[in-house]
Protein chains: 2
Amino acid sequence: MKDILFGFIERYVSLTEEEKVAILSLDIFRTVKKGETLLKEGQLSDDSYFVLKGCIRKYYIIDGEEKTTAFFTEMDALTPHCVISNAPSEYFIGCVEDCILIVSNSDMQEETNSKFPKFEIMCRMLSEELLAKQQNAFDEFKTSSPEQRYLNLIQTRPDLIQRVPQHQLASYLGIKPQSLSRLRARIFEKKS
Amino acid sequence: MKDILFGFIERYVSLTEEEKVAILSLDIFRTVKKGETLLKEGQLSDDSYFVLKGCIRKYYIIDGEEKTTAFFTEMDALTPHCVISNAPSEYFIGCVEDCILIVSNSDMQEETNSKFPKFEIMCRMLSEELLAKQQNAFDEFKTSSPEQRYLNLIQTRPDLIQRVPQHQLASYLGIKPQSLSRLRARIFEKKS
DNA sequence: CGTATTTCTTAACTTAAGTGAACGAGCTAC
DNA sequence: GTAGCTCGTTCACTTAAGTTAAGAAATACG
């Protein structure tokens with residue numbers, strides 16, 4: 001477990017033993033059961049999540065309907081909504097599978113950043129990387145049809161299609177569950 | 001011009017006179033004419049742009065068609081695609097209006113960051129803020145229809161509808177120009 | 001187990017976006 | 001000026017997604 005975390009961090013900066021000990025002393029590991037809700041709409045929280053094992057999702061409830069906009073699996077980081085604006089959350093975070101997560105908040109990060117300046121560098125690099133990925137994903141979404149998005153998802157994150165309920169996938173693709181079902185049937189027909 | 005830049009930076013960190021001089025000595029201001037292309041598909045470049053005046057757009061050419069995915073106006077920052085992956089660009093950046101920009105590249109940023117550590121902090125804060133904004137925009141896009149997106153755009157960026165050609169707006173909203181035209185007519189009918 | 005609930009699929013119908021084509025307004029260039 | 005372009009709109013037609021409803025399949029749970 002520790003190894004996954006340190007492996008991830010060392011993609012950005014190298015760590016001394018002292019730093020590793022300091023990180024572990026923060027007591028940040030947390031296990032969560034499938035179906036649990038980590039964050040609810042309206043709550044104030046600046047927690048960040050890093051997924052070591054399992055899958056969590058971000059969703060909104062709009063007109064009584066759940067709209068899933070993101071999934072986070074192994075090695076994904078979910079950054080908090082309120083970095084500056086200390087506004088209540090507009091979305092929920094729920095557990096799709098049993099998870100092992102790392103949870104940290106801005107106090108912990110500030111403390112670590114001031115103790116070990118290289119963490120500041122890592123945070124910047126990580127933010128920049130996530131931003132670039134996010135922008136590519138957004139562009140890809142805008143420039144393609146639901147069918148193309150689904151085909152693309154099969155290529156880029158085939159695991160998601162297995163581990164996540166279809167109706168959650170549907171809103172992730174920007175459509176209704178019935179449309180996804182029909183779209184899948186259409187693709188299957190084309191292949192044969 | 002300088003004041004806009006320093007005003008922007010000082011939303012994140014405070015600046016000494018020495019630092020201001022150092023920034024200006026980098027000679028980063030650039031004016032660009034409407035219609036010019038700042039970056040082409042296939043080019044290698046790690047330039048960042050900050051818009052002081054005017055409007056630039058990011059677009060792809062897919063099957064011979066331009067697909068505009070983002071607009072950047074006053075006080076917006078366009079971060080480079082290749083932070084780590086030094087891959088050629090998949091998109092174009094073009095000037096929608098005559099612009100005054102600040103252009104910087106990663107060498108300059110690294111130099112400045114190592115000379116003035118507070119810049120590292122500013123970069124992280126800026127990245128985090130952009131990431132949060134980007135995620136909200138993406139979620140909003142996924143959870144709403146083209147019509148809702150257009151109505152939302154009127155609320156959040158009314159200037160864009162005036163200064164940008166409709167066919168560019170259309171792909172920004174994820175639809176075809178004809179559909180945007182029709183959608184606008186539909187909205188106008190509803191109002192009356 | 002078997003019952004309840006959630007999840008997925010199918011179908012018929014409605015609504016909206018994609019497509020191809022045509023037209024007119026405004027601009028540009030020669 | 002006028003020939004050529006781009007841009008926006010409109011129309012008729014096609015295609016795909018939204019909606020409502022019903023039923024089958026899978027899962028959860030007492």
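**View 1. Pairing of two strands in chain B of the predicted model.** Two strands count as paired if DSSP finds at least two bridges between them, and in this predicted model strand S4 (residues 56-62) of chain B and strand S7 (residues 92-95) of chain B pair in the antiparallel sense over 4 bridges. Within this pairing, Lys58(B) of the one strand stands opposite Ile93(B) in S7(B). Strands of a sheet pair through backbone hydrogen bonds, in either a parallel or an antiparallel sense.

**View 2. The open sheet of chain B.** The sheet is an open one of 4 strands in chain B, which follow one another in the order S2-S7-S4-S5 with antiparallel pairing. Its edges are formed by strand S2 (37-39) and strand S5 (65-72) of chain B, each of which pairs on one side only. When direction is ignored, neighbouring strands of this sheet are turned by 35° against each other on average.

**View 3. The contact between chain A and chain B.** Chain A gives 26 residues to the contact, and chain B likewise gives 26 residues. On the side of chain A that touches chain B, the elements giving two or more residues are strand S4 (56-62), strand S5 (65-72) and helix H4 (117-142) of chain A, and H4(A) supplies the largest share, with 16 residues. Sorted by class, this side of chain A has 11 nonpolar, 8 polar and 7 charged residues.

**View 4. The relation between the two copies.** Chain A is superposed on chain B by a rotation of 180° with 0.0 Å of shift along its axis, at an RMSD of 0.0 Å, and the two copies are therefore related as by a two-fold rotation axis. In chain A, the C-alpha nearest this axis belongs to Arg124(A) and lies 2.1 Å from it. The same surface serves both copies, since 100% of the contact residues of chain A recur in chain B.

**View 5. The surroundings of DNA strand D.** Of the 17 residues around DNA strand D, those that come nearest are Ile175(A) and Ser179(A) from chain A, together with Pro165(B), Gln166(B) and Ser181(B) from chain B. H8(B) contributes the largest share of the surface near DNA strand D, namely 6 residues. By class, that surface has 6 nonpolar, 7 polar and 4 charged residues.

Technical notes: Residues numbered from 1 in each chain as written. Chains lettered and ligands numbered in written order. Predicted model: local features only at pLDDT ≥ 70, side-chain atom pairs only at ≥ 80, totals over all residues. Near = placed C-beta within 6 Å. Nonpolar A, V, L, I, M, F, W, Y, C, P; charged D, E, K, R; others polar. Contact = placed C-beta atoms within 7 Å. Least-squares fit on C-alpha atoms with pLDDT ≥ 70 in both. Axes fitted to C-alpha atoms, helices over the stretch in contact; angles between N-to-C directions.
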